[in-house]
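Hello,

Here is the structure I promised you. Please open it first, then read my notes below.

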Amino acid sequence: MSYVVTNLIVEDVHFSYPTGKVLSHVSLKLKPNSFNLLVGPSGSGKSTLLKLLSGLYPTFSGGTLDGKLTLDGYDINDIVPFQRVARLGYLFQNPTRQFVMQTPFEELRFSLENLQVTPTDMTDRIEKVLETVGMTDFTHHDLSTLSGGEKQKIALAAALAMDSEYLLLDEPFANVDPVARLQLIQAIKHYQQQGKTILITDHDWSGYTDMIDDVFVMNHGHLHQADEAERTKILHEVPIQTQIKTALPNEQEHIIELKKVALKNGTRQLLRNTSLAIPKEKRILITGPNGVGKSTLFSTLVKLYPYSGLITYNQQDIAKRKIAQHVRDIALVFQNAEQQFVAMTMAEELIQAQQFSNHPEIWTDETITEILTQLNLVDLRQHVVYQLSGGQQKKLQVLLMLIVGTPTLLFDEPLAGLDNDSQQCLLNIIADFTTRQHQTVLVISHQLQAVTDWFDFHLHFENEQLSYVGGEV
Amino acid sequence: MQTILKSKSTRWALRDVLLLAFVAVFIGFIFWVLGPVYNILSAALTPMGLEPFANNLLLGGWMMAAPLASILIKQAGAGVLGEVFAAAVEMLLGGQWGVATLLSGLVQGVGSEAGFAILGYKNWRWQAIFASAVTGTIVTFVWSLFRDGYTSYSFGLLVALFITRFISLLFFGGVLVVAIQKLIEKAGVLRRD
Amino acid sequence: MNPLMKFAIVMVIALELTFIKSVTINLIIIGVSAFLYLFLKLSWKQWLWLFILPLLPGFGSWFSLMYFGTGDHVHMAWVMLTRVFAYLWLGGLFTLKLTEERDVFLATLEQKAKLSATFVYALVGVLNFMPAVNQQIKTIRVASQMRGQTLHIWQAQLYFKAILSAIRWSQNLAEGMVSHGFTEGAPRTHLQVVSIAKRDWLILIIILIAFQLLLIPNWY
């Protein structure tokens with residue numbers, strides 16, 4: 001532990017990419033030993049600010065940084081990483097693909113070796129932090145088989161092991177189930193009580209509202225500290241838990257049937273002995289805690305993940321269906337939009353989709369232009385798809401998959417990262433065209449407030465079980 | 001007070017080394033997926049004594065990691081490293097040549113990189129890419145004279161094998177790599193300062 | 001024995017085998033490897049792998065040399081057949097035990113061979129990511145098939161997509177490593193300090209000298 005209180009100064013910081021400004025006139029003062037919340041809509045620049053503070057940007061992003069961003073008088077970017085992280089810890093939103101080693105123990109050992117910790121202290125320190133985050137039982141497990149929440153606990157353990165005075169957390173609970181969330185909050189709280197300063201970005205602060213000292217608000221790259229009135233207002237707007245009202249399916253025509261299906265990730269059981277049917281031409285919502293296996297279920301349905309038991313599509317065993325034919329009947333709108341592009345510009349993508357469409361009569365040039373206008377994409381036709389923003393990519397991807405018009409469409413978090421207006425607009429478009437094209441729609445979504453009355457049925461995935469809920473409308 | 005120095009700019013930046021390694025693994029896997037096809041092809045050609053053609057026909061593919069690493073990292077040594085990474089992956093996946101894979105990887109990397117070296121590591125466009133296909137063919141062919149016992153083949157077969165290998169490298173290591181480079185540039189996904 | 005030392009021996013001998021046209025030497029290598037395997041407690045699958053895998057390239061070369069060779073081609077055909085087995089059996093001494101010895105191998109590379117930590121951990125990273133890469137390639141192909149395009153091995157788009165993933169993943173991992181304090185060119189401490197026993201050096205020297213002596217009489 002350092003003897004001097006590390007001094008973080010953020011004054012009049014500007015940051016921009018060639019494509020546009022991200023942060024303007026950002027100044028930030030954190031009181032020692034305080035717990036700070038940073039709020040703001042997605043895409044407003046919160047993550048960018050945290051990555052700049054952590055020193056990862058602009059080294060890993062490119063772009064131009066101006067203003068004063070110093071730690072104990074040194075430019076954060078000039079400080080070598082092993083000294084920087086000893087003062088300023090950083091936790092990513094998504095713990096996937098951040099670990100270089102195979103097990104939690106090795107990853108922590110790697111981190112401590114980087115910090116040049118004395119070998120004799122290492123094992124103790126590793127055991128201690130793993131205990132703090134409640135992951136002792138997983139010390140030598142394979143990281144790739146851990147759930148999102150478990151990975152995030154390991155990532156937090158790595159940050160805690162560095163014993164830095166500042167801890168920056170970027171939506172650390174986004175990929176975490178409620179139980180893990182509480183454990184993580186406890187660990188962070190405990191850490192702050194040791195005299196540390198915390199800065200966290202989040203959309204939902206239920207469970208730790210009483211810990212928050214100062215609130216900062218980011219809007220379109222401008223940052224301000226909330227005064228007492230605004231602070232109180234923000235801290236009281238905890239998201240409402242939406243009630244989803246759906247019926248239970250009855251003797252419908254089925255498109256997909258699962259018979260005694262089980263899914264595993266390594267040695268972890270995701271789904272146990274499940275039999276159920278998906279009715280044709282309906283909209284079905286799938287909910288459940290993060291990491292429970294919802295995305296894996298979708299991968300399984302498009303033959304990208306092994307399973308045991310029997311899955312049929314239109315009464316045909318999917319194991320016996322050729323993949324190329326299978327995905328013409330049932331397609332997945334991947335979480336990562338980039339994966340689904342096949343051309344270079346938006347115009348080329350649209351032409352390709354039109355040519356392959358199952359319903360070319362619906363997707364005339366006029367219709368497409370109209371939809372593009374609704375989605376605010378119409379002026380971007382000549383843009384390269386890989387250079388669109390995340391939200392624009394997502395909207396385009398959904399549109400392309402609608403144009404293709406595959407009979408069954410699986411949407412994996414189609415609304416993530418979109419603002420409220422875009423969410424509503426996209427949902428209307430999905431509803432309109434999937435109805436006209438007689439499609440069966442399955443959706444994994446956490447944006448429940450946007451989708452309350454939209455679904456016919458609701459499947460809940462928890463504790464290795466997948467089952468229909470609802471009925472008592 | 002802590003000595004906080006300006007980070008030494010090392011020749012091999014972490015990000016570049018990781019990119020190179022990942023490219024090698026991805027390319028290695030793409031051709032690993034092709035393994036069964038190669039096996040069927042070579043099994044079919046074996047009784048006729050034409051099995052070496054299967055190997056030569058696909059060699060350009062096994063060697064793609066080298067020119068790709070060169071055009072992505074644009075640095076001396078990238079090609080060799082990329083190919084060695086790819087060979088290590090192939091060896092670990094259980095390639096038929098065992099440890100010899102690694103030696104071949106080294107030779108292939110050197111062969112491919114020679115093309116970029118001849119142009120003084122200044123040109124990373126199609127001219128250098130094709131030059132690397134030519135040097136790659138020559139260097140690996142010399143290696144095959146020893147490793148694969150090519151010295152004992154009749155001259156006619158040697159010429160046919162050389163031409164097959166050259167075509168394979170021209171296609172996979174030349175035409176395809178140039179096309180990939182165009183796509184990467186158009187997409188603007190490689191952010192380099 | 002330290003896996004890096006084992007690796008060095010195996011590589012030197014493999015390199016020499018490339019230039020030695022001797023069925024006898026190849027058979028000796030196969031025989032000695034087989035003898036060592038008796039102590040390594042291989043599974044039946046690994047034995048099967050050792051026998052089946054070299055068949056195709058081995059007989060591939062054998063047939064072509066028999067049909068299209070000149071000069072000492074019959075001899076060369078047998079050299080190639082045995083050489084392919086020798087390569088794999090020799091290499092197997094290193095690779096078949098690598099799963100257990102991986103960490104020591106990499107640690108030796110870093111601490112004793114003084115390979116830059118950047119390379120060592122890049123290697124560690126991609127080794128750990130190999131299953132994910134395999135899955136990602138399948139995903140890339142299926143995602144395009146959903147758009148009606150099958151990506152073939154001769155299409156630039158397939159490689160472009162793969163490289164795009166490589167770019168994104170390497171960026172993520174680089175950020176992850178740096179946020180865990182990894183600093184290029186900086187010293188690191190080591191929980192497990194690797195030491196190479198004198199005995200290992202002795203074995204290395206004896207084996208390599210013995211192998212050279214075997215070559216001297218040129219009696220093969």
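In chain A, strand β3 (residues 35-39) pairs with β8(A) in the parallel sense, over four bridges. Strands here are DSSP runs of E, at least two residues long, and helices are runs of H or I of at least four, both numbered from the N terminus. Two strands pair if DSSP finds at least two bridges between them. F35(A) has I198(A) in β8(A) as its bridge partner.

This is a predicted model: local features need pLDDT of at least 70, side-chain atom pairs count only at pLDDT 80 or more, and totals for chains, interfaces and linings use all residues. Residues are numbered from 1 along each chain as its sequence is written, while chains are lettered from A and ligands numbered from 1 in the order in which they are written.

Strand β7 (residues 166-170) of chain A also pairs with β8(A) in the parallel sense, over five bridges. There, L169(A) stands opposite I200(A).

Is β8(A) buried or exposed? Five of its five residues, 197-201, are buried (20 or more other C-beta atoms within 10 Å of a residue's own, with C-beta atoms placed from the backbone). T197(A), L199(A) and T201(A) cover one side. I198(A) and I200(A) are on the other. In a regular strand the side chains alternate between the two faces of the sheet.

**Chains B and C**

65 residues of chain C are in contact with 52 residues of chain B (C-beta atoms, placed from the backbone, within 7 Å). On the chain C side, α8(C) gives the largest share, 16 residues.

Best wishes

How values were computed: Buried ≥ 20, exposed ≤ 12 C-beta atoms within 10 Å, placed from the backbone. Contact = placed C-beta atoms within 7 Å.
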